[in-house]
Amino acid sequence: MAEQEKGTVRAVERALDILLCFAGTDAELGLSDISKRLGLHKSTVHRLLASLESKGFIRRHSSTEKYRLGWSVLELVSNVYQSDALSSIVLPEMTRLRDQIGETISLYVRSGTERIRIQAVESNQPVRRVANIGKRLPLHVGASSKVLLAFSKEPVEDLVRDCCPSESSRMEFLQSLATTRNLGYAISIEEREPGAAAVAAPIFSRQGDIVAALSVSGPVDRFTPDMLKIHTEAVRRSADIMTKMLAH
């Protein structure tokens, strides 16, 4: 095997070893913790963590600088979401909200430069939004995307620069994020998919970090101005309830 191939295989093995450090525990691990467990230099571990984080397999807590498994693991194990604390805790409230307003309810988290639907309760109506668990979607369009970026404590300018090639589109998107922060919610009408509309609101952790976006979506013809107002109030109320759930 060529020396370059050996190095590539060794890097892959080490990255997998990092992921396995989190097996069987809900604890967050710091850079030093992982370095000691694997017997690797901190610089090596830091480089691999950055790669894993960019792909959404590792999450870094903004205040503690510690790491835990990311949401991209959902793509590898289809039923991981069922045991995930966040999706399990809020599922009853998502079901109640679906029963209240009759539209599909989804829960999204950020995964690198995309968002992943980690939980959903579909509408019972004949014409409805189909919500596939684990589906990856772009982070620069849609109500949930705007919520996840608008309330992030991390800089998003680089991501916006990459997804919006022109200066005018960047300014427009950044303005939409500012509007989302001011309002506390986001609305999208046929932004990502023709004929579809959505309203989303943020869910926060005890530390005040955004952990997910709660959304209601459905056919655009059912999202009239009056219904948008009703859906917005309902989604924001449920998101607040979920935030309080996570605080206990």
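Buried here means under 20% relative accessible area, exposed means over 50%, and partly exposed is anything in between (1.4 Å probe, protein chains only). The model is predicted, so local features need pLDDT of at least 70 and side-chain atom pairs count only at pLDDT 80 or more, while totals for chains, interfaces and linings use all residues. Residues are numbered from 1 along each chain as its sequence is written, and side-chain values use heavy atoms, with hydrogens and water left out.

Start with the charges. A search of the whole structure turns up 10 salt bridges, each a side-chain nitrogen of Lys or Arg within 4 Å of a carboxyl oxygen of Asp or Glu. One of them joins Asp 99 to Arg 98 at 2.8 Å, N to O; Asp 99 is exposed at 51% relative accessibility, whereas Arg 98 is buried at 12%. Another links Glu 93 and Arg 96, also with an N to O distance of 2.8 Å. Glu 93 is buried at 7% and Arg 96 partly exposed at 36%. Glu 53 and Arg 60 meet at 3.7 Å, and these two join Glu 65 in a network of salt bridges.

On the aromatic side, the structure holds one pair, counted when ring centres of Phe, Tyr or Trp (its six-membered ring) lie within 6.5 Å, with planes under 30 degrees apart called stacked, over 60 edge-to-face and the rest tilted. Phe 151 and Phe 204 have centres 5.7 Å apart and planes at 85 degrees, so the pair is edge-to-face. Phe 151 is buried at 18%, and Phe 204 is partly exposed at 21%.
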